[in-house]
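Colleague: I would like to learn how to read salt bridges. Can you take me through them?

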Amino acid sequence: MPVKKTTKSAKPLKAAKVPKAPAKPKMMEGQEENAVKKQRAPKDLTTLRGFRDVLPEEEPYWNRVRDNARQLAEYYSFGRIELPILEYADLFQRTLGKVTDVIEKEMYVFTEPSGYDVALRPEATAQAARVYINHGMLNRPQPVKLYYEGPMFRHDRPQAGRYRQFHQFGFESIGEADPIVDAQLIVIGHRFFRDLGLNVVVEINSIGTLETRKAYIMELASYFRGFRKDLSEDDKRRLQKNPLRLLDSKEPYMAELLKEAPQIVDWLDEPSKNHFMKVLEFLEEIQVPYRLNPHLVRGLDYYNRTVFE
């Protein structure tokens with residue numbers, strides 16, 4: 001259940017406009033190769049693969065998690081927003097990045113009867129940014145602090161503890177790039193687990209700004225081209241389209257290759273370095289345990305500067 005941030009430097013959308021319905025519905029990019037033959041539902045009508053029911057005896061555990069998140073939201077003055085489950089697919093494509101697993105493989109996309117391409121929400125930060133723009137929140141005192149919870153959907157490979165319909169809460173602080181905003185969100189995430197009786201350590205890194213990442217990405221691509229024959233087909237594609245996502249690779253061989261790979265912190269501009277140091281100073285002052293992870297990046301395009309898990 002990540003806690004995420006959005007700042008002024010991230011401008012994912014312009015003023016909202018309703019797109020024109022296409023004359024002929026088209027498949028989304030990548031859907032042609034993933035198209036499957038239509039099948040009938042099984043006779044016993046069990047749940048879809050990757051989905052599940054929550055039974056009454058499980059609800060006390062769900063309620064404890066929800067109540068914990070709500071109490072933190074109230075304590076730190078985050079206002080709750082209710083977001084649609086269905087959005088124009090373009091909202092997520094433009095903000096998450098087309099060369100991401102979410103867009104290429106995992107998003108539930110279909111053409112609704114009016115001819116628009118729509119998607120079940122795979123995450124909600126893009127939606128929160130849309131709310132900020134659509135409702136003129138730039139004119140409110142900044143930062144605008146928003147909170148949400150609810151189901152998200154990704155056509156991921158189901159495994160223990162991972163479902164295609166999963167539940168997430170998020171805290172979004174929009175309109176202010178001060179390091180203390182990042183630190184507060186990290187504190188909230190750490191407190192969430194602590195209040196549930198779980199001892200966790202924050203892993204943290206800085207990926208700088210879009211402009212300063214360009215030189216680093218060139219250096220990273222140059223390094224991995226020397227090992228191209230050792231890469232999987234997915235990683236070869238990442239190397240060509242978005243080398244930064246190689247740091248997110250889960251391939252077993254990647255741990256060894258990363259030992260000598262260039263680190264993004266060495267390529268940060270001075271404002272980003274200063275920003276990152278101030279975030280760390282805040283965490284040390286309030287005694288939040290953290291561990292620097294130079295290979296930690298986020299796979300979505302809207303991230304800037306501080307990233308953490």
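Colleague: How many salt bridges does the count come to?

Modeller: Keep in mind that this is a predicted model. The count comes to 17 salt bridges.

Colleague: Where do Asp-67 and Arg-70 lie?

Modeller: Check the pair first, then its place in the chain. The side chains of Asp-67 and Arg-70 form a salt bridge, 3.4 Å from N to O. Both residues lie in helix H2, residues 59-75. They are three residues apart, about one turn of the helix.

Colleague: Is Asp-67 buried, partly exposed or exposed?

Modeller: Buried means under 20% relative accessible area, and exposed means over 50%. Asp-67 has 34%, so it is partly exposed. Arg-70 has 32%, so it is partly exposed too.

Colleague: Which residue forms a salt bridge with Arg-66?

Modeller: Glu-59 does, with the closest N and O atoms 3.5 Å apart. Arg-66 is partly exposed because its relative accessibility is 22%. Glu-59, at 28%, is also partly exposed.

Colleague: How far apart are the closest N and O atoms of Glu-87 and Arg-130?

Modeller: They are 2.9 Å apart, and the two residues form a salt bridge. This pair links distant parts of the chain. Glu-87 is in strand E2, residues 86-88, while Arg-130 is in helix H5, residues 125-134. The two are 43 residues apart. Both Glu-87 and Arg-130 are buried.

Colleague: Which residues do salt bridges that share partners join into one network?

Modeller: Look for shared partners. Here they join Glu-59, Arg-66, Asp-67, Arg-70, Arg-80, Glu-82 and Glu-149 into one network.

Methods
Residues numbered from 1 in each chain as written. Predicted model: local features only at pLDDT ≥ 70, side-chain atom pairs only at ≥ 80, totals over all residues. Heavy atoms only, no water. Salt bridge = Lys/Arg side-chain N within 4 Å of Asp/Glu carboxyl O. Buried < 20%, exposed > 50% of the residue type's maximum accessible area, 1.4 Å probe, protein only. Helix = DSSP H or I, 4+ residues; strand = E, 2+ residues; numbered from the N terminus.
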